[in-house]
Amino acid sequence: MSERGAPGWRLWPSRWVAPGVEVACMGDPRTDIAEWDSVWLDARLATLDPAVAGELGVIEDGAIGVRDGRITWVGRRRALPGQLPDTVDVHECGNAWLTPGLIDCHTHLVYGGERAAEFGMRLEGASYEAIARAGGGILSTVRATRESSGDELLAAARDRLRPLLREGVTTIEIKSGYGLDTETESRMLRVARQIGQLDPVTVSTSFLGAHALPPEYAGRADAYIDLVCEEMLPAVAGEGLADCVDAFCERIAFSPEQTARVFDRAIELDLPVRLHADQLSDGGGAALAARYNALSADHVEYAAEAGIVALARAGTVAVLLPGAFYFLRETRVPPVARFRHHGVPMALASDHNPGSSPARSLVLMINMGCVLFGLTPAEAIAGVTRNAARALGLDGRSGPPAGVLAAGARADFVLWPIDAPVELAYGIGGLAATRVVRGGIAAGAADT
Ligand SMILES: [Zn+2]
């Protein structure tokens, strides 16, 4: 947060644009183009920029100028000179749809072991809560994670990441929370940071020490929260391993009072917070998250009206996780109509984790967000781009924004083999990006 207001950054999207203006530009493209590194032409842009008309901010016959890894200009092709300078790398998009890079804003990608056997048990009748109370479930992942080396955790997580990269994910949030001791929590977060150095993806980390009670603290939850606040949090903050602090506030995890202690410590250490809230019951988690100006409140199936109003006031994003809802065969749908009514921004994420959402597709979450939760395709697409960025604090408040095609934003974008944006929500699996560009550099998939 310390960079907020640094010179050169504007607070996005609070800028004023005249009605009917449908370009988001900075400077004069006719003169500035000689300075650009690359230009992407002949694309249909779903900019997700609120300054551009329409829910998706579509610019037909669009073009994007890139310089130093950022988008330097977005607008119509006809605003550019007919003859482009030789120094600029020109990419013809063949009238393809182009969106911001996808952002998976809630994952537990780094962990040891797998839980397919438990899935089998559950199908034979054991509930998620019953498995947790019996010391199984999450604690089996804790054991396996503690026993894994950093290299083993890294190799497994990179493997899980691959399908997400293929479908255009350019930013991912990764939580700790399966170590539950200082050494393993730090190891998980170091692995998450390494992923951001090795793979073409920006990684945002969340420290989730208050995820579950480790076995050695059974019956002593307050003492464990002491450890989280006095040892773990200062350690990970001191090493710069956490971008945010998360907690699991639920009757099978930590109480609102215990969660508040963790958040108080996070604020002291200048770290923003987010919360697993109201997933299995209404525990007042949404209101608690709002009280701490949390970046996001996640799950929120049981969020009550007062909590929803509080989220709207705080500008906290409701992160909806249809993968866990589906996998746990939950029946309580998050209050999407109330979020919409009060103007709570909604994001969608995979919640990739071994116990309740072994999802390896964010595009599938777009479909599930629409089919299971009743989002519109435009809401769902905003949920994995603009609003997901906001849920990670990547909306321009402390650096170049992500999740939007606008001048000044990160040059992260995806070309798709679709004829209309609704196709991103339509298919049940199987849609891969044609081309993924991150920081202005095309990665992975074949050229168009
Ligand atoms: Zn989660």
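## Exercises on a zinc site, a sheet and a core

Strands β7 and β8 run parallel and are joined by 5 bridges. The model is predicted: local features need pLDDT of at least 70, side-chain atom pairs count only at pLDDT 80 or more, and totals for chains, interfaces and linings use all residues. Residues are numbered from 1 along each chain as its sequence is written, and side-chain values use heavy atoms, without hydrogens and water.

**Exercise 1. Trace the strand pairing from β6 to β9, and place the strands in the sheet.**

Step 1. Strands (E, at least two residues) and helices (H or I, at least four) are DSSP runs, numbered from the N terminus. Two strands pair if DSSP finds at least two bridges between them.

Step 2. Start at β6. It pairs with β7 in the parallel sense over 3 bridges. Asp104 has Ile172 in β7 as its bridge partner.

Step 3. Move on to β8. Ile172 has Val203 as its bridge partner there.

Step 4. Reach β9. β8 (residues 202-210) and β9 (residues 244-249) pair in parallel over 3 bridges. Ser206 stands opposite Cys244 in β9.

**Exercise 2. Which protein atoms hold the zinc ion as donors, and why is their arrangement irregular?**

Step 1. Define a donor. It is an N, O or S atom within 2.8 Å of the metal (3.2 Å for Na, K and Ca); water is not among the atoms, so sites may look incomplete.

Step 2. List the donors. They are NE2 of His106, His108 and His276, and OD of Asp351, at 2.0 to 2.6 Å from the zinc ion.

Step 3. Check the angles. Four donors count as tetrahedral if all angles lie between 85 and 135 degrees; four count as square planar and six as octahedral if opposite donors are over 155 degrees apart and all others between 65 and 115; anything else is irregular. Here the 4 donor atoms subtend 79 to 165 degrees, which makes the arrangement irregular.

Step 4. Read the spacing in sequence: H-x1-H-x167-H-x74-D. His106 sits in the loop between β6 (102-104) and α2 (116-123), and Asp351 in the loop between β13 (346-348) and α13 (362-373), so the pair ties together parts 245 residues apart in sequence.

Step 5. Check burial (buried is under 20% relative accessible area, exposed over 50%, partly exposed in between; 1.4 Å probe, protein chains only). His106 is buried at 0%. Asp351 is buried at 2%.

**Exercise 3. Which residues touch the most other members of the largest nonpolar core?**

Step 1. Define the core. It is a set of buried Ala, Val, Leu, Ile, Met, Phe, Trp, Tyr and Cys residues joined through side-chain atoms within 4.5 Å.

Step 2. Name the residues. In this core of 98 residues they are Ile172, Ile195, Phe207, Leu320, Phe339 and Trp416.

Step 3. Find the main contributor. Helix α7 (residues 221-238) gives the most, with 8 residues.
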